[in-house]
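Here is a short briefing on a structure.

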Amino acid sequence: MSRYGRTGQLIRLAFRRDRFRILMWIVILAALMASVAWKFQDIYGTQSEIAAIKGTLASPGIMAMFGAFTFKGKVTTAEIFANEMLLFMGLIQVVMNLALSIHATRGEEDLGITELVRAHAVGTAAPLAAAAWELVIVNGLLGILYGVGLTAANMPGATLEGNWLIGLGLATTGLLFGFLGLLMSQIADHSASATGLAYTLFGISYLARMITDVQHPKLTWWSPLGWVEKLAPYNDANWLPVWLSLGTALILFGLAVMANNRRDLGAGALTTRPGKRHASALLRGPLSLLWRRQRNVIIAWILAVIIFGVAYGTVFNTIGDILKTNPTMQQVFGAAMVHEANHKVLLSFTSLLAVVMAAVATIPGIQLILKAHTDETRGWLEAVYARPVSRTRLFFSYVGPAFLTSTLAYIGGLGGIVIMGDASLDHVKDGISAHEFWQGIAGQLPEIWVFLGIAVLLVGCWPRIKTFTWLYLALGFVSVYMGSLLKLPSWVKNVTPAGWMPRIPQHAVDWTTFSWMIGLAIVLVIVGWLGYRRRDLQMR
Amino acid sequence: MATQPILQIHQLQKKFGRFQALKDITFSVNAGEVFGFIGPNGAGKSTTIRVLLGLIRATGGSATIFGQDVWQDSVTIHQRLAYVPGDVYLWPNLTGGEIIDLLLKMNGTAHSDKTDALIKQFGLDPTKKARTYSKGNRQKVALIAAFSQDADFYIFDEPTSGLDPLNERVFQEAVLDLKQRGKAVLLSSHILSEVERMCDRIGIIREGQIIETGSLAEMRHLTRTMVTVTLGDDFDVTTLPGVHGVTAGHQAHEWQFAVEDSQLATIMATLAQHQVMALQSTPPTLEDLFMHYYTGKE
């Protein structure tokens, strides 16, 4: 039996096991790409519309979020589309690939399924190879759907080559990070740690591309995530990034196979160390238990969001200096006007960042709340329930830290942006004032809390559909982040709490909206708590 | 034996949607008594225990521990209760030692000399992360935490399914010690020899119903004694009243059959007239009882 024996059967098994998640990802991603392309001619069809958005896309603030692209000659609808969508779709596809790859390898191993599979006549590297093929097929399928969808949408300025370049470019970027996930699954010895490692590297490549995009777009070649920006599908089609991604992906897969051959089943290159013989005096109840188990994750999230914010802050001096893009402005309008304009640009940039930070800061909170149910179904809470610990106490041991983590992460993230940003400016007065900072905090916290409240409600009352929380958060994020660029109708934004507040600190906080959103969050938590006290607990 | 039962269950029912998991569960456990709870997989043992722990809510009937309702007063009850689940799942990134201490603290007790003694007896390495423990080691963690606790009622749900024979013995000794100290124990188990050795009374559950409760001696009357006899003449034992499943033995005039207890005296008298050369009678084991009730046949 060769090392890859029966890989084919395992691939079929993988598709059967993951059919719903794969279907969901493919449908959502392909529909998103195709529907935006379909609609794009209505949004940016005329030359005046294109001229207006072209200026916006060239501003450093938008470059930091959507990537640096170069325009040549007459700009077409398709070019604007590529500029707005490429990096964004790439990010979602990376998230999909990391989730699928780690689930298919280290996740299966954690559950003991790999042990069962390997006890049969399958090759030693077959589970890994099957996971790799699963990723190749899923990304390939998505690439084809993108190519077909874009061709069908037939945007003005789109070329057949460009359409397929987008499809294959995104597919290979996805594959690269998917195979990174496979490698991390071999290095770490459980899936949580593999996910942490993979996301750390993903975050570094994101920040690298963001900073280089704003300051030296040529250096963006050093970040694998920056390669999607270099495809330039509709003005100067470049296939080099596709080959680079594919080559890197193959190298990563080779490393993963090597690591797989050298290690024992269930172990990783980073091994679990023995721990304490006794519990520390602080470990004494469900709350301290959650902290003991999740402290690394909680601290890592808060730090990551702060670093994220600080990295964005470093580009303040480029973004908040209109003279760099309009050198004649000072002579025409005078210094005071220029400073005023700089301040406006930074306020608008910070408002968009606040949306991103709020969405990112909500993630660890939702994770902690959903954990209350995951731990329940894994049987980890059975031992706790059998003690004199009330459900209320247990429930709030998850909910409390969740709200606190998200709140701290958001304040830290926005604080990182503002402090680092203001420090990078030559004229601090151009930057964000303390008052505007606190407005920014008050503007997004209610939204974060309502999202967490929904997670609490679902875990308390309808835990089976708890995944809905993620979809809802994603919808909220996309509707606000992309809403103005895609000119989405306002009702789309109002579907989720992300759109209920005006953009802050660009606008002032609406305290009426603030109050009822807080009220709503409290009601959601109370209803969820009452549901949790009443329902049957699920066990294995 | 104490008069006030520690656990009292009366016509307990539980429905999951349309599926009636528990139809009619009625039994009680007294102080100083080990109650064996046996039944096939899926009969409702773990469901019953989860109702008792207040993890799921009964849809009918009543269940009280220490005279308090298991759903309403679960927190109060749990102060004096210890539980070991059948499948022990532990937080993977904590060590066994940390988990034991934590579980004890959640009951307001602390790591004691007894805990150390138990860790030694069971042979557990408390510095290992729970992720690396085998099934048996995970069960040891839960057992050590339960036995270190000074509870009045102990619930064990198939606690020894992953233990080796040495640790099984440690477990049995610890349970007998509890019994001598007047504690009540509910032991759900598939290891019938263990139940036979330790339990004062037994409840048999099948398809969500308790079909029999009583001591092993009481239950034996409900079934038949196995008899192997070698006779000196050609007497045909099939003519005897109350004899079932007659088979011929390896030698001439050797017979094996089952006898209803009510007919035992008559049959022995008849056999005595036919030159009994060898006779063995075996009382039904718990396994025979088990088969008798579950298959509904002999």
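Helices (H or I, at least four residues) and strands (E, at least two) are DSSP runs, numbered from the N terminus. Two strands pair if DSSP finds at least two bridges between them. This is a predicted model: local features need pLDDT of at least 70, side-chain atom pairs count only at pLDDT 80 or more, and totals for chains, interfaces and linings use all residues. Residues are numbered from 1 along each chain as its sequence is written, while chains are lettered from A and ligands numbered from 1 in the order in which they are written.

**A sheet in chain B**
- Four strands of chain B form an open sheet, in the order β12-β13-β11-β14, with antiparallel pairing.
- Its edge strands are β12 (243–248) and β14 (276–282) of chain B, and each pairs on one side only.
- β11 (residues 224–231) of chain B pairs with β14(B) over 6 bridges, in the antiparallel sense.
- B:T230 has B:A278 in β14(B) as its bridge partner.

**Where chains A and B touch**
- Residues are in contact if their C-beta atoms, placed from the backbone, lie within 7 Å.
- Chain B gives 35 residues to the contact and chain A gives 30 residues.
- On the chain B side, α3(B) gives the most, with 6 residues.

**Two domains in chain A**
- Chain A has domain 1 (1–270) and domain 2 (284–540), with bounds from an automatic or database domain assignment.
- The C-alpha centres of these domains of chain A lie 26 Å apart.

Notes
Two residues are in contact if their C-beta atoms, placed from the backbone, lie within 7 Å.
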